Protein chains: 2
Amino acid sequence: MARVVVDVMLKPEILDPQGQAVQRALPRLGFDGISDVRQGKRFELEVDGPVDEAALARIHELAESFLANTVIEDFTVKVEEVAEAVK
Amino acid sequence: MARVVVDVMLKPEILDPQGQAVQRALPRLGFDGISDVRQGKRFELEVDGPVDEAALARIHELAESFLANTVIEDFTVKVEEVAEAVK
């Protein structure tokens with residue numbers, strides 16, 4: 001079993017009010033030097049069986065049709081180890 | 001300028017209704033072989049200046065105190081290239 005991560009972010013040209021709210025709050029909270037914040041979604045999919053070309057193609061299709069709204073969002077698909085280090 | 005990514009996910013022992021809703025919808029949509037889905041948040045921070053130990057420590061503190069609710073969420077901090085490949 002492997003873990004595949006799909007990251008979905010608003011396209012750069014789309015306004016991101018959530019990210020802006022975070023970015024504007026930072027100086028008030030004592031954190032300077034961060035010029036921009038964008039907020040998006042992260043999906044962790046546990047895939048049964050091997051993650052081969054065909055499986056990745058299916059997940060790409062799934063992300064495109066279902067997890068992301070490709071009119072306003074970009075997405076990336078990455079394979080990750082199951083024994084992931086969590087900080 | 002560098003990009004630092006903070007991923008915030010619910011802890012494994014916390015129920016994730018959003019992820020479950022996605023996971024249950026997949027077979028209906030024709031996608032089999034995915035045994036679990038977890039949904040979380042991804043923050044992309046554009047940092048002015050070098051991302052050294054001190055900057056990362058500050059971002060870690062920021063994520064802990066502000067971006068994640070550490071009672072129910074885990075987070076990871078990663079440095080990413082600015083010239084990121086977007087699929």
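Visitor: What does the side chain of D74(B) make a polar contact with?
Guide: The side chain of D74(B) makes a polar contact with the side chain of K11(B), at 3.2 Å; a polar contact is a pair of N or O atoms within 3.5 Å, where within protein one must be able to donate a hydrogen and the other to accept it, and residues adjacent in sequence count only if both atoms are side-chain atoms. This is a predicted model, in which local features need pLDDT of at least 70 and side-chain atom pairs count only at pLDDT 80 or more, while totals for chains, interfaces and linings use all residues. Residues are numbered from 1 along each chain as its sequence is written, chains are lettered from A and ligands numbered from 1 in the order in which they are written, and side-chain values use heavy atoms, with hydrogens and water left out.

Visitor: And where does D74(B) lie?
Guide: D74(B) lies in strand β3 of chain B, residues 73–80, where helices (H or I, at least four residues) and strands (E, at least two) are DSSP runs numbered from the N terminus. D74(B) and D7(B) are 67 residues apart in sequence, and their C-alpha atoms are 8.3 Å apart in space.

Visitor: Switching to chain A, how do its elements run?
Guide: From the N terminus on, the order is β-α-β-α-β, which comes to two helices and three strands. The radius of gyration of chain A, taken over C-alpha atoms, is 16 Å, well over the 12 Å that the globule rule (2.2 Å times the number of residues to the power 0.38) gives for 87 residues, so chain A is more spread out than a compact globule.

Visitor: How many residues does each chain put into the contact?
Guide: Chain A gives 41 residues and chain B gives 41 residues, contact meaning heavy atoms within 4.5 Å. Between them they bury about 3500 Å², 60% of it on carbon and sulfur atoms; buried area is the accessible area (1.4 Å probe) that two parts lose on being put together, summed over both.

Visitor: How many salt bridges are there between chain A and chain B?
Guide: There are two between these chains, a salt bridge being a side-chain nitrogen of Lys or Arg within 4 Å of a carboxyl oxygen of Asp or Glu. D7(A) forms a salt bridge with R42(B), with the closest N and O atoms 2.9 Å apart. The count of residue pairs in polar contact between chain A and chain B, both at pLDDT 80 or more, is 16.

Visitor: Which element gives the most to that side of chain A?
Guide: That is β2(A), with 14 residues on the side of chain A that touches chain B.

Visitor: How does β2(A) pair with β2 of chain B?
Guide: The two strands pair in the antiparallel sense over 13 bridges, and strands count as paired if DSSP finds at least two bridges between them.
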